[in-house]
Amino acid sequence: MSIVTNELTFYYGKKAAIDGLSLNINSGFNVLLGPNGAGKSTLFSMLTGLYQSASGDIKINGYDLNHERAKIMQSMGVVFQQSTLDLDLSVKQNLTYYAALHGISSSQALENISEILSQLQLTQRLNDKVRSLNGGHRRRVEIARALIHQPKVLLLDEATVGLDIDSRKMITEYVGSLSQQLGICVLWATHLIDEIAADDQLIIIDDGKIQAQGISGELCKKHNVADVYQLYRSLTASAEIS
Ligand SMILES: Nc1ncnc2c1ncn2[C@@H]1O[C@H](COP(=O)(O)OP(=O)(O)OP(=O)(O)O)[C@@H](O)[C@H]1O
C-alpha cells in the first residue's frame with residue numbers, strides 16, 4: 001500500500017498552493033501536519049483526482065492516477081474536511097447507499113456495516129437520522145462510510161476538528177489500530193499537534209512544500225529539538241497551532 005507523488009504543482013490563479021511536492025508513504029499511520037493554508041486540502045483534492053496537477057504525477061498502490069483512476073478509487077476511502085452525509089437519511093441509509101455505489105451486495109453491505117459500526121460503538125444509532133447525531137458520532141459515520149468497501153488507502157482531512165477530547169481520542173485510536181491491524185496506508189491531515197505519537201510517520205507541509213518527512217521522534221532528534229511542537233515551529237514560517 002503506498003502513495004507516491006512526484007514534483008506535484010497546483011495553482012489557484014498565479015499562486016502555487018502545491019509547489020513541487022514529492023511524497024512517498026507506505027502502510028501505517030502517516031500524519032500530514034501543517035498550518036492553515038499549508039496546502040493539505042489542496043493535496044487531498046489532488047490525491048482523489050478532483051484537482052489535476054499542473055505538473056508531476058501521482059501513483060497510488062502502483063496505479064497512475066491520470067490513467068487508472070477507477071482502479072484507485074476501488075481501494076481508496078476518503079473523509080473530507082466538510083461533511084458529505086445526507087442529514088435526512090438514517091445512518092443505515094447513508095451507508096447502504098454508498099455501499100451500493102461501490103457495487104457491494106446488500107447482504108455484504110449489511111455485514112460490513114454491522115462490523116464497522118460495532119467497532120465504532122455506533123450500533124445503537126443504525127436507524128437514527130444523521131441529523132440527530134452529535135458531531136463526534138457524525139464523524140464516526142463518515143469514517144464507517146469510508147471503510148465500507150474495505151479500502152487499502154484511507155485519506156482523512158482534519159477528521160477530528162471541532163470534536164471533544166473523548167471523540168478525538170476514540171477516532172485517532174481507532175484509525176491508528178486499523179492501519180496496524182489491516183496494513184492500510186492512512187494519510188491523516190491535521191493541525192492538531194497532540195494527535196501525533198513519537199512513532200508515527202510524520203510529514204510536515206508548509207507553503208505547498210514538504211518541509212520534513214520521517215518518524216516523528218527521529219525527526220525531533222535529527223533537528224535537535226525536544227518535541228514535535230518545537231520541530232513544527234522551526235520548520236514552518238507561520239505556525240499557528242492548537
Ligand atoms: N479555492 C481557492 N481559491 C484560491 N486560493 C485558494 C483556494 N483554496 C485554497 N486556496 C489557497 O491555497 C493555499 C492552500 O490552501 P489549503 O486549503 O489547501 O490549505 P490547508 O493546509 O488545507 O489549510 P486549512 O487547514 O486552513 O484547510 C492557501 O494559501 C489558500 O488560501
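**Exercise 1.** Which residue follows α1, and is its phi positive or negative?

*Solution.* α1 is followed by Gly49. The phi of Gly49 is positive, near 80°. Helices here are DSSP runs of H or I with at least four residues, strands are runs of E with at least two, and both are numbered from the N terminus. The model is predicted: local features need pLDDT of at least 70, side-chain atom pairs count only at pLDDT 80 or more, and totals for chains, interfaces and linings use all residues. Residues are numbered from 1 along each chain as its sequence is written.

**Exercise 2.** State which residues of α1 are buried and what follows for the helix.

*Solution.* Start with the criterion: a residue is buried if 20 or more other C-beta atoms lie within 10 Å of its own, exposed if 12 or fewer, and partly exposed in between, with C-beta atoms placed from the backbone. Lys40, Thr42, Leu43, Phe44, Met46 and Leu47 are the buried residues of α1. Because six of its eight residues are buried, α1 is largely enclosed by the rest of the structure.

**Exercise 3.** Describe the shell around the ligand.

*Solution.* A residue belongs to the shell if its C-beta atom, placed from the backbone, lies within 6 Å of the molecule. The residues are Tyr12, Ala17, Gly34, Asn36, Gly37, Ala38, Gly39, Lys40, Ser41, Thr42 and His191. Helix α1 (residues 40-47) gives the largest share, three residues. By class there are three nonpolar, seven polar and one charged residues. In this scheme Ala, Val, Leu, Ile, Met, Phe, Trp, Tyr, Cys and Pro count as nonpolar, Asp, Glu, Lys and Arg as charged, and the others, Gly among them, as polar.

**Exercise 4.** Work out the strand order of the open sheet and its edges.

*Solution.* Two strands pair if DSSP finds at least two bridges between them. Strands β1 (residues 2-12) and β4 (residues 55-60) pair antiparallel over five bridges, with Val4 opposite Lys59. β4 is joined to β5 (residues 63-64) by two bridges, also antiparallel, and Ile60 stands opposite Tyr63. The β4-β5 hairpin has two residues between the strands, and Asn61 takes a positive phi near 50° there. The order of the four strands is β2-β1-β4-β5, with antiparallel pairing. β2 (15-26) and β5 each have a single partner strand, so one side of each is left without a neighbour in the sheet.
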